[in-house]
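Me: I would like to learn how to read a protein model step by step. Could we go through one together, taking one feature at a time?

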Amino acid sequence: MFTTCSVTRRNLLRLGTLGIAGGSLSGWIGTFAADVATHPQRKKSVILLWLNGGPATIDLWDLKPGQETGGPYREIDTAVAGLRISEHLPILSKLTGDMAIIRSMASKEGDHDRATHLVRTGYIPQGAIQFPAVGALVARELGIADIDLPNFVSVAPARFASTIGGGFLGPNFAPLMIAEGISGQNGMEGDGGPEALTVPDLARAASVSEEAQRDRLALLDGFEQRFLNGSENSVVASLNSATARAVRLMRPEAARAFRIEDEPEALRDAYGRNLFGQGCLLARRLIERGVACVEITLGGWDTHQNNFDRVKGLSGTLDVGFGTLMADLKDRGLLESTLIICMGEFGRTPKINGNTGRDHWPQSWATVLAGGGIKGGQAIGRTNADGTAVEERPVTVPDLIATASKAVGIDPRKQNMSNVSRPIRVADPAAHPIEEIL
């Protein structure tokens, strides 16, 4: 894809190997990133902001002020006339011109596990079929084959979602997981802090010289090639592929992509000094360097108790991280080529329970799309007065998957052969893309 760029990663690495470039290549990746960002053949990328636990979208994107179900929050005006969202999303309210808020999502899955599977793959669980995550599909269709970085990265993957990876597409499209089991496991906002955003074992041990490491890797490669020559076992091939990916990831230029400490302090502050905010910053760095899909989890949305205090706090974290991500991508010319999807597995009950909480509610909820060339500045669909039902333009999960696919240039009707030798489309055949957004 990028071989026609005036400055390519491969050419720079070749120059570096030959000693022609001279000195350090520390500045190459910035030049490469800038070239990639503006290149007319750049493929699109996807960033998924996963709100784990089922966010109360009635308190975020589709408020019902004055209703018994509405809760205490006020609506505020946005950059789009007539479009109003929560008072606790002031930064995002100024960016709605690049956002499409889908207020009429509906499904039948009110269980966390099944609903997560549906939203993250586009399909409900079906027997032995190992459905791939949407991120794996994006990595398959938009990823760069010889990139040193993984084409799918998951930051703080949640408890249910972490079991969904490459599926029948295979381990090559499974995500590299960072801060696994921290935010999503116990659902606490910002749990673990930004220091959790480290990829273990990227650097060689201090006791191993560069020459010794090179010799060891060459020896390992020799053993593996001899073994592979006598076997066509897919498991062995997968292990060999994983080893090759790990070795590429250890290259200094690739490892440096994960060093968010190289960013200006002011920018790090702007993103929010928590796991989600710094994860958004890391996502921008990876997308900038050609990674196809990055997902970041913000847990804590399963608000059966004390909904309003918790959603207020979570909204602040979301507003700062999501809003700064949009602005940063736009400043770098990357928002048009980066589709941001902000969603959870379902909404929460309009009815407020006895613990000042809201329970699971898949009948009516909201999802937000931003950037990626979609038509922003609009709300799609409408719920009734108290938010209990969709009354205009219902949208299903397969509809959403098909819409996102088309937005980034993936044919939602494309079929991949599954692990049970049954072709499976990217999006369910019953899906209808939301043409108003595209």
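Reply: Let us begin with a pair of residues: Ser 154 stands opposite Glu 295 in β7. Helices (H or I, at least four residues) and strands (E, at least two) are DSSP runs, numbered from the N terminus. This is a predicted model, in which local features need pLDDT of at least 70, side-chain atom pairs count only at pLDDT 80 or more, and totals for chains, interfaces and linings use all residues. Residues are numbered from 1 along each chain as its sequence is written, and side-chain values use heavy atoms, with hydrogens and water left out.

Me: Are the faces of β7 covered or uncovered?

Reply: A residue is buried under 20% relative accessible area, exposed over 50%, and partly exposed in between (1.4 Å probe, protein chains only). Six of the six residues of β7, residues 293-298, are buried, so the strand is largely enclosed by the rest of the structure. Both faces are covered, with Cys 293, Glu 295 and Thr 297 buried on one side and Val 294, Ile 296 and Leu 298 buried on the other.

Me: How many residues of helix α13 are buried, and what do they pack against?

Reply: Contact means heavy atoms within 4.5 Å. In α13, residues 397-407, ten of the eleven residues are buried, so this helix is largely enclosed by the rest of the structure. The buried residues of α13 pack against β4, α4, α5, β8 and β11.

Me: What does the side chain of Arg 284 join in a polar contact?

Reply: A polar contact is a pair of N or O atoms within 3.5 Å; within protein, one must be able to donate a hydrogen and the other to accept it, and residues adjacent in sequence count only if both atoms are side-chain atoms. Arg 284 lies in helix α11, residues 275-288, and counts as buried at 0% relative accessibility. A polar contact of 2.8 Å joins its side chain to that of Glu 288.

Me: Over which residues does pLDDT stay under 50?

Reply: pLDDT is the predictor's confidence in each residue, from 0 to 100. The protein averages 86, but pLDDT stays under 50 over residues 1-29. Where pLDDT is low, the predicted coordinates should not be read in detail.

Technical notes. Two strands pair if DSSP finds at least two bridges between them.
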